[in-house]
Amino acid sequence: MVDGARSGAARGQRATAPHGSWASPITARLIAESGIALGWLQAAAGQLFWVEMRPLEDGRSVLVRRTAAGDIVDVVPATSNTRTLVHEYGGGIYALRAAADGGVTAYFSEFEDQRLYRLEVGGATSGAAASGPRPITPAPPAPRSVRYADGRVTPDGSTLVCVRERHEGSEVANELVALPTDGSAAPRVVAAGHDFYAAPRLSPDGRQLAWLSWDHPRMPWDGTELWVADLTAAGELAAQRRVAGGPAESVLQPAWSPDGRLHFVSDRSGWWNLYRDESDHATALATLAAEFAKPPWVFGLQNYGFLPDGRIAAAFGRDGVEHLGLIDPARPGIAPLPCALTTFSSLAVLGEQVAVIGGGAARAAAVALVDPESGALREVRRSKTVDVDPGYLSAPEPITFPRSYPAGSVVGPLAEAATAAADESGAATIGLTAHALYYAPANKDFEAPPGGRPPLIVMSHGGPASAAYAQLSFDIQYWTSRGIGVVDVNYGGSTGYGRAYRERVRGNWGIVDTLDCINAARYLADRGDADPARIAVQGGSAGGYTTLNALTRHRFFAAGVSYFGLADLEVFATGGTHKFESQYLAGLIGPYPQMTAVYRERSPISHVDDITCPVIVLQGLDDAIVPPAQAEIIVAALEKNGLPYAYLAFPGEQHGFRKAENIVRSQEAELYFYGRVFEFAPADEIEPVPIENLDGGGRSRTDGGGGDPSGRPPAAVTCAAPSRGSHGLGTEHHVEAVARGLGRAAHRVAHRCVVPGVVEVLAEEAGRLLDAPRALLALDAVGLLLEAEARGHVVAAGHAGALLHQHLPERHATRAVVHAELALVRELPLAEKRLALGDECLHRKAAVLLGLQRSGERRAGGDEVVL
């Protein structure tokens, strides 16, 4: 049928083919190789600077500039990767200083060692750098243990002030430091004592410094404080004054106008609006039910800038659509600036023009220049290097749909609103709504057979303090051009709709977000836009948590896709992530350990036995934010219960995939998975993905998406279960999961990016459970996992074996280690590599096994060495 459909399309006819089987020019390779990611605009000396993330260059980030003559050139050499790991997410990667002669000096973070480097960029019209980069900060005591971000240079060019993050053992310290721009002295601390710092901003005369700070358990969108102080000749801070902010006020993006007035964004009104500091009070410059900022997951975000005539150009979002506007400080309010762009991620002022990174529903993100008088747009650098025929693109439809929460299921202000809006059944529906963007299937060459409804992918964004935007995304068009609908849900807790909407998830994470995703899908199915038996849920990071929650607590979806999703909230809350988010759950769930029972109840791993549909899990092995052990726990449970699943792990990838080959593989794997589960044949040629426990028909235990969106009654959720470990799994299975985590932790140790304390915690837990019934069998299963891992991670297997020997009794550890060692001789080159590691113990074992390999002492099936 697909071949016939292709020939019909080639003749210019609309061919008939099942949803999911339509041929599309938007391929996974096109997604990975036809574009770049753009961010962090700055302007200096008539030049425009930004950072590009390039998948075809192994995902490296490159500082780029547009000269005054219009040439676009790389600032850094081909060996550089301009990226910082402060807060792990980074941002605020570089700082600029323009000299009187028009030359520009750039100061940037190098990913490999996280040191700051100085580079003389050259003149405004010259494309060549005047010098190569040289470090200006000391070499760290351990690889990547000292990191820098979000810097600014004093007007005289002598000093750089920035955020520094120090990793010392299990402790992480964040502070503001000042350092000479020539690297002649080590950085010295100018502000410390708070858990986090951001946005150090120098006044135009260099005499004052403004900055943001906040403390655990708040995130910067919960509450921050804006400070200002005099900067003395000795580089000390004097006369410090808190300008704005507090535990319940989020202040972001401080900036000084050219005349020395401090501006900032605050949500004191319930919306992130723009204010000007007047010393004893603040003046609102544009009071709108709109957002002039986005959640600062990364450093260096900027939504406004100052034009030469004193007006302020600003990007703001309202009702899910973003706009440009102009503010005259003398007359508070904002004048809309008509523009073809509807999403903005960065803004700077270049002369008399507004420079932005933005896109639209049919326009990929681009660096562009906007005329502040007419709104005329000129693209400077596009994120996509190819154009796709509009006939293959689906336009987003903003939808607002009713929300429903069972009585007593939510807490806080949302509970009061739900009670007030409850109907006769006790479900809160009246007046409560949520938002999403719906993309219908669209392909000019194909149509579906009469009467057929398309499958639907429900996308749950990460964060959860984030949002889905109406910007052209090939990641979404990949599905819609194949005949699969997509709904990108801005569930309660998303940004862009004011603080009250953002806080609906406070104390309710895992409930509000999950039910909103279900309600969005039900809304579309009820109006005939989706096949209720073929609805999948997909998400990454926090969106992966929502995905796993939907699969474990509700029988609604027919398939699930988790990209590095959280599975065990207790692990996350007890040191299983990085400092920036280490207490995030205190607001989303509640204080730990006081609310341990709630953490366990909200953890997908506590209900993994209730998954009834196929799941594919995709994970980066170097992810320090959601470590691979979280994925392993889910995969182990799926295997234990005989459920259909696929698991793809990507070495060298962190939180989000950056390498082209991995972007291609993950996208195609997801399509292959849907094809098998929803029983359609993709038109693409795809490398098959092993799906364990899936029968020939592609079906598994599920009621096809027709379940009640409110989930099972509470009694069913909290019913008696077998003896469980502290993470909610059966004891035997928990031992297995813990030891799997040891293997993964060992891998991160080998690559110097282990989360502090994870190995010790896992080892202690494994030892505690060692005498549990049938622990020996569990460790045998661990050995099988290590065996598979060792094929690609020789060093990791060695570390895992050593850890198991160190922390587990010999009678148990030996069997698991033997399995791991066996894998090393399955391919001769791996064993030979291990001989070169230089570790005497590993060398001795590898030599023995290599000898066994060469002597041919293998089983007839070739699967094991006979010892």
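The accessible surface of the chain is about 31,800 Å², and carbon and sulfur atoms hold 52% of that surface. Such areas come from the Shrake-Rupley method with a 1.4 Å probe, with only the protein chains shown counting as cover for residues. This is a predicted model, where local features need pLDDT of at least 70, side-chain atom pairs count only at pLDDT 80 or more, and totals for chains, interfaces and linings use all residues. Residues are numbered from 1 along each chain as its sequence is written, and side-chain values use heavy atoms, without hydrogens and water.

Of the 867 residues in the chain, 60% are buried (under 20% relative accessible area, 1.4 Å probe, protein chains only). The chain has 20 helices and 38 strands; these are DSSP runs of H or I (at least four residues) and of E (at least two), numbered from the N terminus.

Strands pair if DSSP finds at least two bridges between them. Five bridges link β28 to β29.

| Strand | Residues |
|---|---|
| β28 | 363–370 |

Helix α6 covers residues 512–526. In α6, 12 of 15 residues are buried, among them Cys517 and Leu524. Just after α6, glycine 528 has a positive phi of about 90°.

Definitions and conventions. Buried < 20%, exposed > 50% of the residue type's maximum accessible area, 1.4 Å probe, protein only. Expected span 1.5 Å × (residues − 1).
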